[in-house]
Amino acid sequence: MTDCLFCKIAAHDIPADVVFEDDAVIAFNDIAPQAPVHILIIPKAHIASANELDDGHAHIVGRLALRAQALAEERGIAEPGYRLIVNCNRQGGQTVYHLHMHLLGGRQLGGLG
Ligand code: 5GP
Ligand code: ZN
């Protein structure tokens, strides 16, 4: 989608601190990190939110989760623990309407607000 921020990052039209990329997934550091590790893992293909997911997306959702697991291991936060978050729409706190998984860790995380 042409006016989507994360599509532009996926296409390298806008710079980001990319930490992983393959054919279907790209991961980059959040611009406003909420924890020592705060990585956004996104599909390269545009999916606006979790509400738009269907059976055809099962594989890509799995790839996001497995990449989060691998990045957590790589950053040394697998054993102490981490949090994966997908915000959906207004009350879920979604601000960028391109599906993304937050990987947060490296400090004690509190309860959900
Ligand atoms: P949401 O609130 O939609 O779940 O998460 C959007 C996230 O994207 C926020 O944590 C925000 O800091 C991050 N973000 C917004 N714009 C940019 C950007 O241009 N570059 C990067 N790396 N992160 C961004
Ligand atoms: Zn997009």
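**Figure 1. The fold is built from three helices and five strands.** This is a predicted model, so please read every distance and area below as a computed value. The C-alpha trace spans about 40 × 30 × 30 Å along the principal axes of the protein. For 113 residues, a compact globule would have a radius of gyration near 13 Å, and the 14 Å of this protein agrees with that.

**Figure 2. Ligand 1 sits in the largest pocket.** Two elements each give two or more residues to the shell around ligand 1: helix H1, residues 5-10, and strand S2, residues 25-29. Helix H1 supplies the largest share of this shell, with three residues.

**Figure 3. A shell of 16 residues surrounds ligand 1.** By residue type, the shell divides into eight nonpolar, seven polar and one charged.

**Figure 4. The side chain of asparagine 87 meets an oxygen atom of ligand 1.** Here an N or O atom of the asparagine 87 side chain is 2.8 Å from the ligand oxygen.

**Figure 5. Glycine 93 and threonine 95 approach ligand 1 through backbone atoms.** In glycine 93, a backbone N or O atom lies 2.9 Å from an oxygen atom of ligand 1. For threonine 95, the distance from a backbone N or O atom to an oxygen atom of ligand 1 is 2.7 Å. On its own, ligand 1 has 520 Å² of accessible area, and the protein covers 81% of it.

Methods:
Residues numbered from 1 in each chain as written. Chains lettered and ligands numbered in written order. Predicted model: local features only at pLDDT ≥ 70, side-chain atom pairs only at ≥ 80, totals over all residues. Heavy atoms only, no water. Near = heavy atom within 4 Å. Polar contact = N/O pair within 3.5 Å; in protein donor to acceptor, adjacent residues only side chain to side chain. Areas by Shrake-Rupley, 256 points an atom, 1.4 Å probe, with all protein chains shown as cover. 1 Å grid on protein atoms, 1.4 Å probe; cavity = no way out; pocket = protein on both sides within 12 Å on 5 of 7 lines; lining within 4 Å. Sits in = over half its atoms within 2 Å of the grid points. Helix = DSSP H or I, 4+ residues; strand = E, 2+ residues; numbered from the N terminus. Nonpolar A, V, L, I, M, F, W, Y, C, P; charged D, E, K, R; others polar. Rg over C-alpha atoms; globule rule 2.2 N^0.38 Å.
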